[in-house]
Amino acid sequence: MNVKHEDRSLAYQIITYIFIFLFLIFFIYVGFTRILFSRIMLDTARETVSHVTNETVNKVDSALEKIQTLAESVMELKSLDVLTESELEAYLLDIIYEFPQLNSVCLAYDPSDTEIPNAKTLFFAHNQQVTNLSPNLDYKYSDWFQIPYQTQHKYWTEPWFDDNGPDKMLISYCLPIFKSGKVQGVMRFDTELSYLQNMVSPLKIKKYGYAFLISHSGTIITHPADSLVMNQTIFSLAEEYHDDNLRIVGRSMLNNGVGFKHIKGKSPFKNMWLYYSPLQANSWSLGVVIAHADVINELNLLLIIQTALSILLFFTRSEE
């Protein structure tokens, strides 16, 4: 009897050790599988958001480059000095009417030149041509005039509100006007900010993902949270939520970087995977985020299915 009892105890011990060993093997197998699947899911997510980002960047760049091409062709025509001022204005009104991405054009000259009207803005309001003369010389202190005038280089502005034109938020492509080798003034080509926002805002990635746009100073131009738009920069959010990782990503975005980063912390981008890429036309940056939950939920579902099948297969083999 004692022998049988000892044999049974030994058998139980062997079975227990085998069960523990198999459990450890199964646990290690599930762990490695999770790591492998997580890498696959992240690679898939990166590929998805990079495709969406690049497609949207190309779309926005195309719109901005069209404005640049129009502006430079007009400047080339003006430099030939074959049109009178009134003929040039008529031509500008024609292209404003023809190209929907162009909202208005401003001709602004050096205020010290008394022979030329200082500044006039051309646009359409209610399908009527409008030419607004600047009521004062304040424009000479504006970034859109000062920067290209002083640097003698082309310049894309930050978003700004034009109260002497169509009364809308604009971004502007500004070119210095030269005469006899000296800067005579600035020609400004405006596009409505909402024109770009409408390209970016509708983008949705899975359940919680979205796209956003920041300017070359970090100002948030588009975001699903309206309270952030034009009120916050990516750096002010990093400061508010003490998020050094977000600050590093912001610097990379402003330096024309391309990356795919997991944003943690407590900011509006918390627990998101962010893919970002620069606009070539004006050095702004587009970001597309996908929620970590969207990636993990699919991973967890795969693991549940795999684990259930593995357990079922184990018990099926055991019965055999």
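Visitor: Is glutamate 239 buried or exposed?
Guide: Glutamate 239 is exposed, with a relative accessible area of 52%, where exposed means over 50%, buried under 20% and partly exposed in between, with a 1.4 Å probe and protein chains only. This is a predicted model, in which local features need pLDDT of at least 70 and side-chain atom pairs count only at 80 or more, while totals for chains, interfaces and linings use all residues. Residues are numbered from 1 along each chain as its sequence is written, and side-chain values use heavy atoms, leaving out hydrogens and water.

Visitor: Which side chain does glutamate 239 meet in a salt bridge?
Guide: Glutamate 239 meets arginine 247 at 3.2 Å, N to O, a salt bridge being a side-chain nitrogen of Lys or Arg within 4 Å of a carboxyl oxygen of Asp or Glu. Arginine 247 is buried, with a relative accessible area of 18%.

Visitor: And what about arginine 247 and aspartate 244, how far apart are their closest N and O atoms?
Guide: Those atoms are 2.6 Å apart, and the two residues form a salt bridge. Aspartate 244 is exposed, also with its relative accessible area given as 52%.

Visitor: Changing topic, how many salt bridges does the structure hold?
Guide: The structure holds seven, and among the residues involved, Asp162, Arg188 and Asp190 are linked in a network.

Visitor: Which residue does lysine 154 form a salt bridge with?
Guide: Lysine 154 pairs with glutamate 72, their closest N and O atoms being 3.4 Å apart. The pair ties together parts that are 82 residues apart in sequence, and glutamate 72 counts as partly exposed, at 31% relative accessibility.

Methods
Helix = DSSP H or I, 4+ residues; strand = E, 2+ residues; numbered from the N terminus.
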